[in-house]
Amino acid sequence: MPADPSPRVAGETSARRAGAPQRSTTSPSPSGAGAGAVEVRRSARRRRTVSAYREGDRTVVLIPARMSEAEEQRWVTVMLDKLAAQESKRLLGDAELAERAGQLSDQYFAGRARPESVRWVTNQNTRWGSCTPAEGSIRLSHRLQGMPEYVVDYVLVHELAHLLVPGHGPRFWRLLEAYPRTERARGYLEGVVAAGRLPHLPAAREE
């Protein structure tokens with residue numbers, strides 16, 4: 001079985017050196033994976049590498065021409081997540097994190113969840129986030145830094161909900177239903193945990 005393509009998050013110039021596209025398709029971005037449309041360009045010269053870059057309000061993903069439609073969809077999602085992770089890592093400091101929490105509270109809880117402080121911490125290695133309702137404080141694990149924005153948003157929404165409902169009963173989970181990417185974010189985090197338990201992750205080869 002051939003190795004999976006090697007993902008590359010590239011700039012426009014380096015990505016275009018891979019060869020002229022054989023076919024190009026444009027579609028809306030998958031939910032939660034990034035703003036704007038996605039243009040997929042297939043190249044007969046591209047064998048195993050996949051690249052992606054932003055071009056204005058769209059994302060361009062370059063893939064080998066031989067890929068099936070199912071593989072295309074899978075790799076589009078992977079590359080959108082990688083781009084979003086890079087952008088999230090660059091942009092979110094403690095101040096931006098607190099501002100984002102306020103925006104999410106307004107959007108999903110009508111502003112009812114108002115934390116006193118929101119910050120990154122490095123001493124949470126067994127959980128993604130924590131909340132102390134009595135203090136109004138939310139802390140997110142530094143391990144989330146670099147993950148896609150929708151994943152960080154999910155953890156923020158989760159902890160914001162704890163300001164309104166401390167436990168994990170039915171009322172708490174009903175609150176989380178307001179966030180449309182809950183299942184996708186939970187799946188992403190479960191995948192990260194599962195990958196961390198693997199003894200070895202072989203690197204994909206390139207041609």
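**Entry 1: two helices in contact**

I began with a helix pair, and I noted that Tyr-150, Val-151, Tyr-154 and Val-155 in H4 meet Thr-182, Arg-184, Ala-185, Arg-186, Tyr-188 and Leu-189 in H6, where contact means heavy atoms within 4.5 Å. I sorted the residues of this contact into seven nonpolar, one polar and two charged, with Ala, Val, Leu, Ile, Met, Phe, Trp, Tyr, Cys and Pro counted as nonpolar, Asp, Glu, Lys and Arg as charged, and the others, Gly among them, as polar.

Before going on I wrote down the ground rules. This is a predicted model, in which local features need pLDDT of at least 70 and side-chain atom pairs count only at pLDDT 80 or more, while totals for chains, interfaces and linings use all residues. Residues are numbered from 1 along each chain as its sequence is written, and side-chain values use heavy atoms, with hydrogens and water left out.

Then I looked up the geometry: the axes of helix H4 (residues 149–164) and helix H6 (residues 182–196) come within 9 Å and cross at roughly 105 degrees. Axes here are lines fitted to C-alpha atoms, for helices over the stretch in contact, and angles run from 0 to 180 degrees between N-to-C directions. H4 and H6 are therefore roughly perpendicular to each other, a label used for angles of 65 to 115 degrees, whereas under 35 counts as roughly parallel, over 145 as roughly antiparallel and the rest as oblique.

**Entry 2: the whole chain**

I listed six helices and eight strands in the protein chain, and along the sequence they follow the pattern β-α-β-β-β-β-α-α-β-β-β-α-α-α. Helices (H or I, at least four residues) and strands (E, at least two) are DSSP runs, numbered from the N terminus. Of the 207 residues in the protein chain, 43% are buried; buried means under 20% relative accessible area, exposed over 50% and partly exposed in between, with a 1.4 Å probe and protein chains only.

**Entry 3: a sheet of three strands**

I traced an open sheet with the order E6-E8-E7 and mixed pairing, two strands being paired if DSSP finds at least two bridges between them. Strand E6 (117–121) and strand E7 (129–132) are the edge strands, each pairing on one side only.

How do E6 and E8 run, and how many bridges join them? I found that E6 and strand E8 (residues 137–141) run parallel and are joined by five bridges, with Ser-137 in E8 as the bridge partner of Ser-117. Helix H3 (residues 94–109) packs on the sheet, where H3 touches E6 and E8 and makes about 130 degrees with the direction of E6.

E7 and E8 form a hairpin with four residues between them, and Gly-136 in the turn has a positive phi of about 70 degrees.

I also checked the cover of E8, and five of its five residues are buried. Ser-137, Arg-139 and Ser-141 point one way from E8, while Ile-138 and Leu-140 point the other way. In a regular strand the side chains alternate between the two faces of the sheet.

I turned to strand E4 (residues 49–55), which is mostly covered, since five of its seven residues are buried. Five bridges join E4 to strand E5 (residues 58–64), and the two run antiparallel, with Tyr-53 opposite Val-60 in E5.

**Entry 4: two single residues**

Is Phe-172 buried or exposed? I located Phe-172 in helix H5 (residues 170–176), and with a relative accessible area of 0% Phe-172 is buried. Leaving out residues up to four places away in sequence, Phe-172 touches His-158, Ala-161, His-162, Val-165 and Gly-167. For Phe-172 and Ala-161 I noted 11 residues of separation in sequence and 6.7 Å in space, C-alpha to C-alpha.

Ala-110 lies in the loop between H3 and E6, and Ala-110 counts as exposed, at 67% relative accessibility. I marked Ala-110 for its positive phi of about 55 degrees, although it is not a glycine. Most residues other than glycine have a negative phi.
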